[in-house]
Each structure stands twice: as C-alpha cells, then as structure tokens.
Amino acid sequence: MTVTDRPELEGLGNYKFGWADSDAAGAAAKRGLSEEVVRNISALKNEPEWMLDLRLKGLRLFGKKPLPTWGSDLTAIDFDNIKYFVRSTEKQAASWEELPEDIKNTYDKLGIPEAEKQRLIAGVAAQYESEVVYHQIREDLEEKGVIFVDTDTGLREHEELFKEYFGSVIPVGDNKFAALNTATWSGGSFIYVPPNTTIDIPLQAYFRINTENMGQFERTLIIVDENSYVHYVEGCTAPIYSSDSLHSAVVEIIVKKGARCRYTTIQNWSNNVYNLVTKRAVAYEGATMEWIDGNIGSKVTMKYPAVYLMGEHAKGETLSVAFAGEGQHQDAGSKMVHLAPHTSSSVISKSVARGGGRTSYRGLVQIEEGAHGSASTVKCDALLVDQISRSDTYPYVDVREDDVSMGHEATVSKVSEDQLFYLMSRGLGEDEAMAMIVRGFVEPIARELPMEYALELNRLIELQMEGAVG
Amino acid sequence: MGLNEKPLSTLHEKSSYNLDDFEVPTGREEQWRFTPLSRLKGLHNGTAAASGHVIVDVDAAPEVTVETVGRDDARVGKAYVPADRVSAQAYNSFEKATVITVPREVVTSKETVITLTGSGDGAAYGHIVIKVEPMAEAIVVLDHKGSAVYADNVEFVVGDGARLKVVSLQDWAADAVHVSHHHAQLAKDATFSSFVVTLGGDLVRLSPSVSYTGPGGDADMSGVYFVDAKQHLEHRLLVDHSEPNCKSNVDYRGALQGEEAHAVWIGDVIIRVAAEGTDTYELNRNLILTDGARADSVPNLEILTGEVAGAGHASTSGRLDDEHLFYLQARGIPFDEARRLVIRGFLGQLIEKIEVESIRERVMSAVEAELAR
C-alpha cells in the first residue's frame, strides 16, 4: 500500500484494499492454501482426528478437480491470494464508521434499525436490546430437543450425530468448491429437529449465541427427523460487505420421512465476490424440501440448489429469483433428481437483468429408471429492462422412465412500453414505474418470503433499479 | 470483468472446412454425448472409406436447373461451414455435389423431388446446394431411402424475398446410419419452412440450422419422429439470430415405443446484440408410449439484447394422458382405438402442415403403420 501523509487518501486506500482488515488481522491470517493451513484450522478448533482426515482429503481433491468449464468465467480467481481462515471478530468491521460509504447508504435506505446495524457490522457478540428476545427463543427450542448451534459447536458437542451426516449428502469430492469447503470450512449452522416437532418461527442464524455469522467457507448441516418441520433463513437481505473475493459454502439437508424443510436465502454480497455454493438436500418418503433462493449481490454467483428425491411421494420445490446489474453474472438454477416412484418437483425461476448484467438459468431434471409416476415442471421467466443486458436459459432434462410427465417452459421478455405508459400516465416517474413492474414480476416469489424479507427484497429492487432508466 | 473475454455464445460451435480442426469425438463432448458413437460405423473417426453409394435422383420442376458439379464449384460450401467432425468429414469426402437453382422471380409449377437411395454397400458422402434466387418460390422434397452409411451437408440459400419450402423424409431401411447438416441461409425478407420426418434407420442424427444475412427473415421448422425399439433418432437445431426483426418458430413432436428407443432433441437459439426485434419460440413434445424408451429434450436460449419482441421455449415429455383416453373410452371407443386416435391427433396437427399431398399421405400412413405394430 502506498505510504502517504494525507489522511483522506489513506481512507481511499483502505476502501480499495479491504476496509475490514486491520494490520494485525492481516498479518495473522496467511494467504494461500497448503496442508499446513488446513492442519492449523483443524488444530485451532481442537477437532477430532477424523475431521482432520476429511479436511486433508478435501484439500487433495481440491487440487485434483478442474475448474468448471461451463457457467461463468472463474479463471480470474487467485486461489493463492485468499485467506482461508480468519477469525470472525477480526474480519468484521468494528464500527459503523469503518464501513464504506455506499454500504452505509444502502443500510440507511433499507431502514435497518440501529441494533441491526450493530449486529451486521460487529457480529452477534455485541450487546443489544433484542438479546432477551433471542434468548427466549433459544430456551423454547431447547425444551423441544432442537439442536441449533453453529457448526463448530455442533461438531464439539454432538460428534456422533455430526459424523453420521456430515458429507453424506455432498461427498468431499463432489466438485472443486465442495472439496475446498470441506478442507477449510468454518462457521455455519448445525440443526437437528427431533421427530414430530414443528418449529413455528423461522430459525435465523442470529438466534445463535457466539456465532460466526457469515463465513467465507461456511458449512451448514440440517437434519429434520420424521414428521417435523423447520424453516431456516440464511443470511439476510442487507448487503454484506466483504473484502474476500471468494465465498464457497456447502449446505447439506436431510429431510426424513414425512418431514418438511424450507430453506430461505437471499444473498447480497458486495459485487467483488465470487459466490460459488453447493446446496443439496435429500428427501425421503413423503418428505418435502423447499428452496427459496434469492441472488441480488456478488460479482459471479453459481448456485444450483438440489433435491434428491429418495423416497416415494417425496416432493422438491425451488423458487428462485435473480437480479443482475452492471458487471454481475447470476448463474443460478436448480437440480431435481427423481430416484423413487411418484415423486414430484417444481422449479420456478424469475430473473431480471439490467445495466449490462447477465442472468442464466441452468437447471437439471433427472428422472431415473424406477421413478415411475413422477412429475416435474420447470418454469423460467426472464425480464430484460434495457438493450445491453443478457439472459440465457440452459435447462437440462434427462428422463429414463416412461410413466412420467415432464414440462419445461421459458419466456424472455422486455418491459413493455404499454405497461410503462399506463403507470406513467397515472403520475408515476419512469424509475418508479419500472421498479413497480419489476416488483410485480418477482411477486410470486416475494410472497413466499417472511414478511420483513419480502419488504427488504422490494426495497432492494428499488435500489437496484435506481438510475436504470434515462 | 471476465464477461467480455468469454466467447460471445457458448451455443455457437466452432466452424471450419478443415477436418483436422475437429478432434475425433469421444462421446464426452457436449455435442456428442447423446450419440452412440460405436453405431456411427466410423463416420466420426475417418475409418469409413467412401466405398458405397447413395444415388441422387432429381425429379425437378421444369423451371429449375439441376447440375452435378465437382468439388471446386464456387457455389459449394458458400452458405455453410461445417460445425462438427462428421460434417467436416462429409465436406472433405464427397466427390460430386448436386446444385439446384431456382431462377430469379420464378414460381415453380410443381415440387422438386430429390430421391437419395442407399445401395447398402459401404459408407458414402454427399453435398447438395439448393439456391433460390431473389423473389423466387419453390418446394423441395428430400426423400432418403434404402440402406446406407451416409454423411452429408445440405445448403439452402434463400435470396431476398424468396420463399422455400422443404420436406425432408428420413425413411431409411432399418440398418441405415445417417448424419446430416441442413443449413438455411436467409437473406432479407426471405421465408423458409422446413418439415422433417424421421422414421427409419438405426441411427439418424440431423442438425438443421438457420442463419440470417438481412432483416425480416422468417424460418418455420417443424419435425415429426417416430422412434421404435433400439432406434436412435437425434435432431439438433440451431437458430442464430444476428439480424434485426427476424422470426423463427420451431415445433418438433415425437412418439417413442419399444425397448431402447431413444429420441434426442436439442433446440438452441442465439439472439445476438444486433438482432433487435427478434421473435422466436421453440417447442418440443415427446410422447413415450412404452417402457424402456428414453427422450432427451434440451432447449437452450442465449439472449444478448434486451430489445426482443418475444423469446421462449417449452419442452414436455410424458405418456398418454389418461383423461383423454378415458374421455374417448367413455364414449364407447375401445382402448386401442382411443390410444391411436390420441397419438394421431398429437402428430397429425403437425403433419397437416405438409403442403405436398402425396408426401402428407405417405407420412400419415407411415404413422398409422407404426401405431398398428
């Protein structure tokens, strides 16, 4: 970094090179990946031997697996210049003032309450009024026998359960980034819901104590036992600024017989981040798995939440919304694998591209032999609001059974002059009218979100659409 | 930003006249992963020597000229550059090409029928150019028969404001292998309609593609296929919209019956930055009639401009609708007859679009024969 005696320039330098890293933290965390780094992570966490072995296996497979040649261009990722383990307290900004201006503005526009701001910038270790409320929620859960802790604690306190399911849905070598995550994972949520338990409120990461809220390589493991229900909400709609260029999470979910799980996430990483995530669930007999997936931020996102339908009458559903602005590529979709008779799946994807951004729907529906009586529908709609943006649809269907019904449909359209004219003739500005049309377009997905998320999603769309016209 | 460094479209395959620019496919490539290479009888790896014959017989309308030309004729290979290994092999291996020209402003009085008959004695390669000069109108039928191991390229060059209707029948003997590219190049305000009927052959891989050289072009591509046990019938479409205000519409329907009946349909559409006002829709429907049949259906869409009139695709695969059958049975029609009626309705909607009556009747009776099995 340039040495200068002009304080205002120094500020600029911090912004450019990562506002969050104080010198001390920067020195403490090593860049690049090696066996030593992986061993260090494991040792720091006092992990059992089998976990270290798994991590090392992940490291080996990460080295062997090629970068995906499809999807977005990932060659710009410099794996040697990434810090693979940073303590969360060191990573997060210590105060409001340290945040870059645009992030602060966005928070203000979103109307995030002061307490939330504290949480967002300092993690949940900070004290704030709502602590009591969250504590109450934790007690209720404990009474029901629900385990809800961060993944590191999960491994320490529930090793047997953890060992049984960890890596059972997404094997170590599933893909290059799953291998990387297995080698370097830290943070995330570990949830176990005992049989016949319905959790009424959506579980959110910040209900946990002592948590590393958002990790670079977070690892989430959710087990929903028979006839239970849980709704888990990951992250939050507020933009998360991070100086790290790569985020690669793994989420594994096991939905047992008759159970139902809903997983909601709206990622809004700052637009320097490569967001390469592997999410997969297995659904047993009569179980339902629902992914609600929003992609607003990041530079590049490649994320295809999957459901493996293992038992009869299992059901998988994905609702996906993607928004790509300038310089962004949202390559998102869903994967449904039918392995048992009478299983059903549905995918609804909505994407909006503007300002030269690119959205891609990439999906797979696979109906294996024996999965007779299965049904699947895939519907993707894309909205283009200007001439320079781009939208692609790559659905993939593989049917190996005759007694199935399979449908796919896609439409790509631009915002119609008529709609704009109608709204503007009623006194709305062009910006407002455009934002309203986009909101209407994503409404089928927004209405599935918890209310506060839906409101925030709407505000985010307004922010994204600012300056989209004219 | 990374985005700009990538090739503009991932659907646009590379093209070259040179065989060496294409690696011998291994079956792992996106382009080849559905095709059982071992059944290509060497067409893909250069081992199929041109020892056989496919006899080209033209029954032309009186207004058109038919020529048989050598490899060096300037009109050959003008509109289409081979886009995969087998088409490059065909381009480098054919000896005589057939060039059919419909002169300027001429409306032909009857259809031109090109019959290609395989003699069943080894591999053969071919090339056909059909040139419709500005403002002319013609109907061309390609009728493939007999037993053959055949790779060819067919170029349709449709001039300004011209209209060309093509019917291509793949009515091969059961052991035939046919790999073919049909490329249509549409000039300003040209209209092109193609109707593909694929019934016979052990393996047929047909790749119809369309490109535009001026605004206002309109391509309508339909297809019907009936796949029986052990047959592999593959159709790979590519419509490359590079000019403004052009249209394309794709509608392929197929029925599958019997063990290891395999249908593949790929429908790629690119809308490039310049192609504002494009209107495109693709549809593929597969009706799976028995156990053990497999249908792969992959529509892909790449859109590089926001200024489109409409773009979409749809794909369905499934078995006969029980409700349809029940409806007919409730009116006293026996199950077998009801089933036949529904399938006939499903394919018949398309078959009705074939303008040449004799061909339409032949296709309809072929479908009837398949259903009677």
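Residues 142-204 of chain A form a span that is 41% helix and 17% strand, with 15 Å between its end C-alpha atoms. An unreviewed UniProt entry places "domain: SUF system FeS cluster assembly SufBD N-terminal" at these residues; such annotations may be inferred rather than shown by experiment.

A word on the model before going on. It is predicted, with local features needing pLDDT of at least 70 and side-chain atom pairs counting only at pLDDT 80 or more, while totals for chains, interfaces and linings use all residues. Residues are numbered from 1 along each chain as its sequence is written, and chains are lettered from A in the order in which they are written.

Chain A as a whole has 14 helices (H or I, at least four residues) and 19 strands (E, at least two), both taken as DSSP runs. Of its 470 residues, 49% are buried, meaning that 20 or more other C-beta atoms, placed from the backbone, lie within 10 Å of a residue's own. Contacts are pairs with C-beta atoms, placed from the backbone, within 7 Å; among those in chain A between residues at least 6 apart in sequence, 83% join residues at least 24 apart.

|---|---|---|

Conventions
Buried ≥ 20, exposed ≤ 12 C-beta atoms within 10 Å, placed from the backbone. Contact = placed C-beta atoms within 7 Å.
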